[in-house]
Amino acid sequence: MFSPNMNSAPSAGPQLMPVHFEFTHPTATHVSVAGCFNHWQPEAKTLHPAGGGRWQKETALAPGTYEYCFVVDGRWITDPLARDSVPNPFGGRNSILKVAESTQAAHLIAAENLPLKNSNKPKAKKL
């Protein structure tokens, strides 16, 4: 049965979504990111200096949940900006990265983690 809303073209696999890694350290000389997305190989994703101790890397990943760490001058550390982390088998922690299926879904995920303001509080009575 043909439906004008159905796409008959074969899928090319999951769409890759843009991911931005950023790390700040005033004295770092080399920063990379290693995780399950690059087989824990730090040399595969080196961050670029952006000035003022900031390091950045743009990449693309398929939607999903990934564990990763920054490797700063040979030291493996968690991402201080990551919302979640899990213990790793080496006694440290791995940061968690959740890549949404769309930019709209990413905005919804980010909004879920914002603190809520209670606008329904009763106002104090003036005496």
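Author: We'll go through aromatic pairs, then a loop residue, then a hairpin. Keep in mind that this is a predicted model.

Reader: Fine, let's start with the rings. How many aromatic pairs does the structure hold?

Author: The general idea goes like this: a pair of aromatic rings is described by the distance of the centres and the angle of the planes. Here the structure holds 7 aromatic pairs. Take Phe21 and Phe37: their centres are 5.8 Å apart with 35° between the planes, which makes the pair tilted. Phe21 sits in strand β1 (residues 17-24) and Phe37 in the loop between β2 and β3, so the pair ties together parts that are 16 residues apart in sequence.

Reader: Is Phe37 buried or exposed?

Author: The cut-off for buried is under 20% relative accessible area. Phe37 comes in at 16%, so it counts as buried. Phe21 is buried too, with a relative accessible area of 3%.

Reader: What about the tryptophans? Which parts of the chain does the pair of Trp40 and Trp76 link?

Author: That pair is tilted as well, at 6.4 Å centre to centre and 35° between the planes. It links distant parts of the chain, with Trp40 in the loop between β2 and β3 and Trp76 in strand β6 (residues 75-77), 36 residues apart. Trp40 is partly exposed at 29% relative accessible area, and Trp76 is partly exposed at 43%.

Reader: Which residues do ring pairs link into a cluster?

Author: The cluster joins Phe21, Phe23, Phe37, Tyr66, Tyr68 and Phe70.

Reader: Last one, the hairpin. In what sense do β3 and β4 pair?

Author: First, a handy thing about strands: in a regular strand the side chains alternate between the two faces of the sheet. Now our case: β3 pairs with strand β4 (residues 54-61) in the antiparallel sense, over 3 bridges. Across the pairing, Pro49 stands opposite Trp55 in β4.

Reader: And the turn itself?

Author: The hairpin of β3 and β4 has 2 residues between the strands, and Gly52 takes a positive phi near 65° there.

How values were computed
Residues are numbered from 1 along each chain as its sequence is written. This is a predicted model: local features need pLDDT of at least 70, side-chain atom pairs count only at pLDDT 80 or more; totals for chains, interfaces and linings use all residues. Side-chain values use heavy atoms; hydrogens and water are left out. Two strands pair if DSSP finds at least two bridges between them. Helices (H or I, at least four residues) and strands (E, at least two) are DSSP runs, numbered from the N terminus. Rings of Phe, Tyr and Trp (its six-membered ring) pair if their centres lie within 6.5 Å; planes under 30 degrees apart count as stacked, over 60 as edge-to-face and the rest as tilted. Buried means under 20% relative accessible area, exposed over 50%, partly exposed in between (1.4 Å probe, protein chains only).
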